[in-house]
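Reader: I like to know what stands behind each label before I use a model. Could you take me through this one, term by term?

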Amino acid sequence: MIEAELGRCVAAWYPGATGVTGAAKLSGGASQETWTFDIVNPSGNVGAILRRAPPGYGASPGRAAGLDAEATLMQLAHDAGLPSPRVMHVLKPEDELGTGFIMQRIEGETIARKILRDEQFAQARPMLARQLGGVVAGIHGLPAAKLPKLREMTATKEIADLDREYRSFGRPRPVFELALRWLRERDPGPSKEVTLVHGDFRHGNLIIGPDGVRAVLDWELAHFGDPMEDLGWICVNSWRFGEIDKPVGGFGSREDLFAGYEAAGRKADPDRVMFWEVMGTLRWGIMCCGMMQRFRQGPDHSMERAMIGRRSSETEIDLLRLLAPRGK
Amino acid sequence: MQDEPTPTELIKAVADFLRNEITPAIKGHNAFKLRVAINGLDLVTRQLALEGDSDSAEAARLKQLLGIDGALLDLNRALSDKIAKGEVDLQTPGLADHLWQTTMDKLAVDQPNYASYKRELGSK
């Protein structure tokens, strides 16, 4: 049924489009959905992705940048020559599809275990960390004047947010307390340089091909802040999927990530990156606890959410490895 | 007194049935969900086997560290409070060891295949 609305929509702006086919929902909660479909066109079908809040779900919750901002950021990244899908259309009320946008579909893999283990990515793996360093440098260098309005974050605010969220669960976790204390004592204060931060630069949001990175997705958590946050987040052990000696996504070294970042004309600060890695590890741990809360209280009473709640202890051992390493 | 088989034996039998008889017949997203379900049952059997001993050892360590007695949840609340206020830290004798042991005991139940856990088990 969504194909009828999508067909009317694309016919209005895609030259020669006669409709759409193969629409399938890829993911979605109540307020945001991602669909894949093909635009039917006499010169060959064109792969496209719809990212939308369905009609009736306007405002984006909490930290989300909003779909309009996401579309602007993706297009800016694309225009700057970064690996990003081209935005084909921003939804209008007369499309009757809700709010959001339609973008080019880029083929490739987002599932970490395949990227880290499948033979077809063997050539790409050793170069990914350096490549992603360059890509994230490009993101941090996007022209400030063209950027949409986004929330501004500092380390201090992030610590306060995590503290509040953790305390709202009402269940004591001494390791999280230790991490919060550690972060407060080392809070570097406002960053000297404030840039666009992608906010969720990690496996799942990166399309990888045998040739390397093809696209950066999901700008939902984009904000202004310390650029080192993105470099720390991609080093969080939870995104290494077992390859714990390769800190960048389980495929590369911090040195390669920093080298790629610096080759693009920007400076990495390894101490701040480590600070943000600790912050990120705690953040994922608290997000796992949040899944458990939603399993208990929310409409989404799913077994998967319940089991993710039992993954917060993974971040506790990773925090201890970072903050209180045992003598080897 | 409840009859046998024990909860552990029952859950293990159900998990083995799902693993060996049902898994080969399921495809797609439901195969993923079935794996999550089996993982959940396996977790419960580990907790039933390990929780008693690890809880009493944790409570004993907490009593020693805090110098008070109480239920495990209250002892953890008291320790969390002291860490938040800076009254104890990693320099406090016994704190790092306690947090490590407690965390290792949680991973033994939650995710014994987690790479960081396996590494720490090996380097103890």
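**Values against definitions**

Author: Happy to! This is a predicted model, and chain B has a mean pLDDT of 96, with 99% of its residues at 70 or more. The model as a whole scores ipTM 0.96 and pTM 0.94.

Reader: How do you know that chain A agrees with a compact globule?

Author: The rule is 2.2 Å times the number of residues to the power 0.38. For 328 residues that gives a radius of gyration near 20 Å, and chain A has 20 Å, so the two agree. Along the principal axes, the C-alpha atoms of chain A fill a box of roughly 65 × 45 × 40 Å.

Reader: What makes a residue count as buried, and what percentage of each chain is buried?

Author: A buried residue has 20 or more other C-beta atoms within 10 Å of its own. In chain A, 43% of the 328 residues are buried; in chain B, 15% of the 124 residues are.

Reader: Why is a set of residues called a nonpolar core?

Author: The name applies because its members are buried residues of nonpolar types, joined through C-beta atoms within 7 Å. The largest such core here has 93 residues, and those with the most contacts inside it include Val136(A), Ala222(A) and Ile234(A). Helix α9 of chain A, residues 270–297, gives the most to this core, with ten residues.

Reader: Which residues does Ala222(A) touch?

Author: Leaving out residues up to four places away in sequence, Ala222(A) touches Ala65(A), Ala69(A), Leu73(A), Leu150(A), Leu196(A), Val197(A), His198(A) and Gly199(A). Each of these is called a contact because the two C-beta atoms lie within 7 Å.

Reader: How many residues does each chain bring to the contact between the chains?

Author: Chain B brings 29 residues and chain A brings 25. On the side of chain B that touches chain A, α4(B) supplies the largest share, seven residues. That side divides into 14 nonpolar, nine polar and six charged residues.

Conventions: Residues numbered from 1 in each chain as written. Chains lettered and ligands numbered in written order. Predicted model: local features only at pLDDT ≥ 70, side-chain atom pairs only at ≥ 80, totals over all residues. Buried ≥ 20, exposed ≤ 12 C-beta atoms within 10 Å, placed from the backbone. Helix = DSSP H or I, 4+ residues; strand = E, 2+ residues; numbered from the N terminus. Nonpolar A, V, L, I, M, F, W, Y, C, P; charged D, E, K, R; others polar. pLDDT = per-residue confidence, 0-100.
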